[in-house]
Amino acid sequence: MDARHGASEPAVYISRAALLHNVGVVRRALGESTKICAIVKADAYGHDAQIVVDALCNFSHEGAEAPMVDALAVASIDEATALPPNPLPVMVLRPVENAFVGRQRAAIDHAVRSGWTLTLCSAAAANDVARIAMHAGKRANVQIMVDTGMRRSGVCLNHLDELILRIESHPSLRLCGLGTHFATAEDASNPLAVEQLHQFRAATDLYVRGAERTIRRHAANSGAIFFWPESQLDMVRPGISLYGIDPAGKPNLNRPLRPVLKWTAPLIGIRDVKRGATVGYGQTWKAGRDTRVGLVPVGYADGYSRRFSNRGVMLVHGKAAPIAGIVSMDMTTIDLGEISDAKVGDEVTILDNDPLSPASVYMLARWAETIPYEVVSRIGPRVKRIAINPSEIPAGEEEDAADLQES
Ligand SMILES: *Cc1c(COP(=O)(O)O)cnc(C)c1O
């Protein structure tokens, strides 16, 4: 851990080593020719897209060559714009709609000039992007997301052929991908995923045959990669698994994913509380004995859910300290009754990177009655993200760094 930051302020530590390890776990689940598109939307699920993309592109692992993945995907053009410079193809997942409303046109123009792949689900959107690309004097990379059962976005199967014809009629568009998204990939017993895959293949087989086969088909998120390997196709789209969180929502020893994120804060105060005294808003917690209550400078505005109130634990000296009372906006109180040697300045673990810890991401998700995705992607911008191990020296730059240290 970086001594400069120590335990002086709340921080999320991002382990590059764990991230690259997880890419390896995903890679080993794939056939030789299947590409990986790393999903880095929502600031890399709260892990900081700057750190994550830098680690994926500039650090190598287990002898593999950087970049460790073949493409990146984000939700919006704004998110693509915020990525650090990188050599990878970038996909924007949110379908283009209302291209001529507000500042959309400028954003699409920027995306086209940047070479990012835009997602199309309607002929109208295809026409709009074609026009913008013509004006820019560039060919726009586009892909189609096909709705095979999620029924959220995506073109319906019976409009797919028409949309492909429309795209092919525009010289300023280049169709480079066809995708679909599973509604039940994490549920290995639900046959809907099989049905979705079957429909997707049947509707698209025609378009990916032929001599120069440049249209890449992709369907699998993390769950599908592990539970429905036949869905891996030309490319997979893992998100949660890269961050070391099992798509099944609990740790699985067959897939040794390593959580990438650890969230800590300093203990900034301790007070003695007499038996019978109440702590926090609404007097919801009452001391059952004389005890000490610790103050942690993290609250629901940081993404530490108010639902953890009187339910969750934080770790001090590796021991569980129950949350005492209501989590407030900027602060949380914990019962230090079992941790007699805790003192101000000690490090408190808020979200542990050990999947079996009492403060693991799986436990936090359970306390808040949600899924780990929401727990990590909600960690707020006020919490500083700090990259750790391997050290700050990217692959191939060791010598430069050594020179710097000498001078
Ligand atoms: C977010 C997202 C993914 C990644 O899903 P995980 O379950 O996190 O692996 C894949 N595909 C699409 C279209 C997505 O929106």
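The legends below describe an overall view and several close-up views of a predicted model.

Residues are numbered from 1 along each chain as its sequence is written, and side-chain values use heavy atoms, with hydrogens and water left out. Because the model is predicted, local features need pLDDT of at least 70 and side-chain atom pairs count only at pLDDT 80 or more, whereas totals for chains, interfaces and linings use all residues.

View 1. Helices (H or I, at least four residues) and strands (E, at least two) are DSSP runs, numbered from the N terminus. The C-alpha trace spans about 75 × 55 × 45 Å along its principal axes. Of the 407 residues, 53% are buried, where buried means under 20% relative accessible area, exposed over 50% and partly exposed in between (1.4 Å probe, protein chains only). Among the contacts in the chain with a separation of 6 or more, 67% join residues 24 or more positions apart, a contact being heavy atoms within 4.5 Å.

**View 2. The buried residues of helix α5.** Within α5, which runs over residues 104-114, the residues A107, I108, A111 and V112 are buried. They lie on the same side of α5, because they cover an arc of only 135 degrees around the axis, the arc being that of the directions from the helix axis to the C-beta atoms. The buried residues of α5 pack against α4 (77-82), β5 (117-120), α6 (123-136) and β6 (140-147). After α5 comes G115, which has a positive phi, near 80 degrees.

**View 3. T291 in strand β15.** The strand covers residues 291-296, and T291 is buried, with a relative accessible area of 7%. Leaving aside residues up to four places away in sequence, T291 touches R271, D272, V273, W285, D335, L336 and G337. The side chain of T291 also reaches the backbone nitrogen of G337 at 3.3 Å.

Key
Polar contact = N/O pair within 3.5 Å; in protein donor to acceptor, adjacent residues only side chain to side chain.
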